[in-house]
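Trainee: I would like to learn how to read helix packing in a model. Where do we begin?

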Amino acid sequence: MISKLQAFGGIKIDLDNGGIKIGNINLNIYKGMIILLKVFIIIVVMYVLVKIGSTIIDKAVKKHNESRFFIDNKKSKTIGALLKSLLKYGVYFVGIIAILNITDVFGTISITFASIGGVAIGLGLQSIIKDVINGFFIIFENQFSVGDYIDVDNRGGIVESIELRVTKIRDFNGDLHIIPNGLIMKVTNHSRGSIRINVDICIDYGERTDKVIDAMNRACDKFSKISKDITEKPKVLGIVSFSGTGMNMRIAGKVKPSTQAQNENQLRKFIKDELDDSNIVITSNIKEVIIKEEKNA
């Protein structure tokens, strides 16, 4: 039985030992298959560890939220997302090192791949370090947390996750924006402190101002009794401008972050109902232009 076959192009195949020689490079098919199996097992173990670790972190965060020592839901979610990020990168790092150690039996090829990988890592290392450092300061300085409504580079939305390298923001259209932390230079956080609400109502010039203000204040009192988001009770500021159809009156107050839209809508309803009960006419700022056609007799 012939154990070696000489093929064209300088390729030698050893059927007995499973060896292949291409020029000065020696490969072993059997060892290669074993290495691929080991690499596959390492990848599976990495995946399982990340899944199990993430589940444990989620349970720990949930348990903390339900405990009597619970402080801030947003902060606990942020810490949970950070721990998941650390777990993921830690497992990936150890797994890649293990794979590189296993593939070292390829000799010359592994050295070639290591050289190429070293160049690639060197080129990308600077931006990665910048992302990680900036991500650390975002968390350390508490610039924003998971669940906050923020604006970053003209992209606004709710923070879904803060990781060491990236921040994930979900906008109100449902799109997910993944932004490297190193590119986050300026952040507008809409979820810190109370948010001002303003409601403008256009009232007919024929109505008495004092009567309108009294009715609006009654609406504010009723609204304040049912809303749990109010941090500063709404009140009538008075007439803010005049239009061609009526006088614009403004009501202002303050509510909890990210609740201004629904509270403004509810307050408008209370004002409308109270003005209707008081027979006060609400007008529109839209001017109607009526053109009459004159027929020649």
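**Reading a helix pair**

Mentor: This is a predicted model. Take α4 and α5: their axes lie between the parallel and perpendicular classes, so the two helices are oblique to each other.

Trainee: How is such a pair described?

Mentor: Two packed helices are described by the angle between their axes and the distance between the axes. Here, helix α4 spans residues 209–226 and helix α5 spans residues 260–277. Their axes come within 9 Å. They cross at roughly 135 degrees.

Trainee: Is the crossing of α4 and α5 left-handed or right-handed?

Mentor: The crossing is right-handed.

Trainee: Which residues of α4 and α5 meet?

Mentor: From α4, the contact takes in A215, M216, R218, A219, C220, K222, F223 and I226. Facing them in α5 are N263, Q266, L267, F270, I271, E274 and L275. By class, the contact residues are 10 nonpolar, 2 polar and 3 charged.

Trainee: Now a single residue. Is D131 buried or exposed?

Mentor: Check relative accessibility against the cut-off: under 20% means buried. D131 has 7%, so D131 counts as buried. D131 sits in helix α3, residues 108–140.

Trainee: What is D131 in contact with, leaving aside its neighbours within four places in sequence?

Mentor: D131 contacts L164, R165, P180, N181, G182 and L183.

Trainee: And the chain as a whole?

Mentor: The chain has 5 helices and 12 strands. Of its 297 residues, 29% count as buried. Among contacts between residues at least 6 apart in sequence, 59% join residues at least 24 apart.

Conventions:
Residues are numbered from 1 along each chain as its sequence is written. This is a predicted model: local features need pLDDT of at least 70, side-chain atom pairs count only at pLDDT 80 or more; totals for chains, interfaces and linings use all residues. Side-chain values use heavy atoms; hydrogens and water are left out. Axes are lines fitted to C-alpha atoms, for helices over the stretch in contact, and angles run from 0 to 180 degrees between N-to-C directions. Helices (H or I, at least four residues) and strands (E, at least two) are DSSP runs, numbered from the N terminus. Angles under 35 degrees count as roughly parallel, over 145 as roughly antiparallel, 65 to 115 as roughly perpendicular and the rest as oblique. A crossing is left-handed if the near helix is turned anticlockwise from the far one by less than a right angle, and right-handed if clockwise. Contact means heavy atoms within 4.5 Å. Ala, Val, Leu, Ile, Met, Phe, Trp, Tyr, Cys and Pro count as nonpolar, Asp, Glu, Lys and Arg as charged, and the others, Gly among them, as polar. Buried means under 20% relative accessible area, exposed over 50%, partly exposed in between (1.4 Å probe, protein chains only).
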